[in-house]
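Good morning, colleagues. Please take a moment with the sequence and the model on the screen before I go through the computed features.

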Amino acid sequence: FTAMASLEQRVANLELAKSHVDTSKAVRKVQVDMLMQLRDIKAKLEKEGTGGGKELESLKEENKELKKTISKLEYRIEILVKSLEDAGL
């Protein structure tokens with residue numbers, strides 16, 4: 001009686017293991033496909049991003065120059081306002 005139960009358990013375990021292997025193969029295939037898609041996306045982003053880094057640096061430099069110009073103009077405005085106040089206008 002226990003030998004028969006033991007055999008049934010072994011058969012059930014083997015069927016479960018086969019099912020697990022089949023599922024693992026399917027999951028592995030999906031993972032590989034997804035990895036390939038991610039690599040393609042990464043390559044496209046890197047390709048597009050090459051000019052983006054230079055453009056970003058250019059924009060940062062332009063922003064820095066504009067801030068200097070704004071600062072100078074604000075100083076000039078302060079001087080003009082003070083001159084007008086001193087002149088009584």
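**Charge pairs along the helix**

Lys68 and Glu65 are three residues apart in helix H1, and therefore about one helical turn separates them. Before I continue, a word on conventions: this is a predicted model, in which local features need pLDDT of at least 70 and side-chain atom pairs count only at pLDDT 80 or more, while totals for chains, interfaces and linings use all residues. Residues are numbered from 1 along each chain as its sequence is written, and side-chain values use heavy atoms, with hydrogens and water left out.

The side chains of Lys68 and Glu65 meet in a salt bridge, at 3.9 Å from N to O. By salt bridge I mean a side-chain nitrogen of Lys or Arg within 4 Å of a carboxyl oxygen of Asp or Glu. Lys68 is partly exposed, at 43% relative accessible area, and Glu65 is also partly exposed, at 35%. Buried here means under 20% relative accessible area, exposed means over 50%, and partly exposed lies in between, with a 1.4 Å probe and protein chains only.

How many salt bridges does the structure hold? There are two. Asp33 and Lys29 form a salt bridge through their side chains, at 3.1 Å from N to O. These residues, Asp33 and Lys29, are four residues apart in helix H1, so about one helical turn lies between them. Asp33 is partly exposed, at 36% relative accessibility, whereas Lys29 is exposed, at 53%. In general, side chains of opposite charge can pair when their charged atoms come close.

Let me turn to the nonpolar surface. Val30, Met34, Leu38, Ile41 and Leu45 form a nonpolar patch with about 500 Å² of accessible area together. Such a patch takes residues with over 30% relative accessible area and no salt bridge, and joins nonpolar side chains (Val, Leu, Ile, Met, Phe, Trp, Tyr) within 5 Å; like charges are joined within 9 Å. The areas come from the Shrake-Rupley method with a 1.4 Å probe, and for residues only the protein chains shown count as cover. Met34, one of the patch residues, lies in helix H1, residues 2-87, and is partly exposed at 48%.

Next, the chain as a whole. Its secondary structure comes to one helix and zero strands, where helices (H or I, at least four residues) and strands (E, at least two) are DSSP runs numbered from the N terminus. The C-alpha trace spans about 115 × 30 × 15 Å along its principal axes. Which share of the 89 residues counts as buried? The share is 0%. The chain exposes about 8700 Å², and carbon and sulfur atoms supply 62% of that area.

Glu15 lies in helix H1 and is exposed, at 55% relative accessible area. From Glu15 to Leu35 there are 20 residues in sequence and 30 Å in space, C-alpha to C-alpha.
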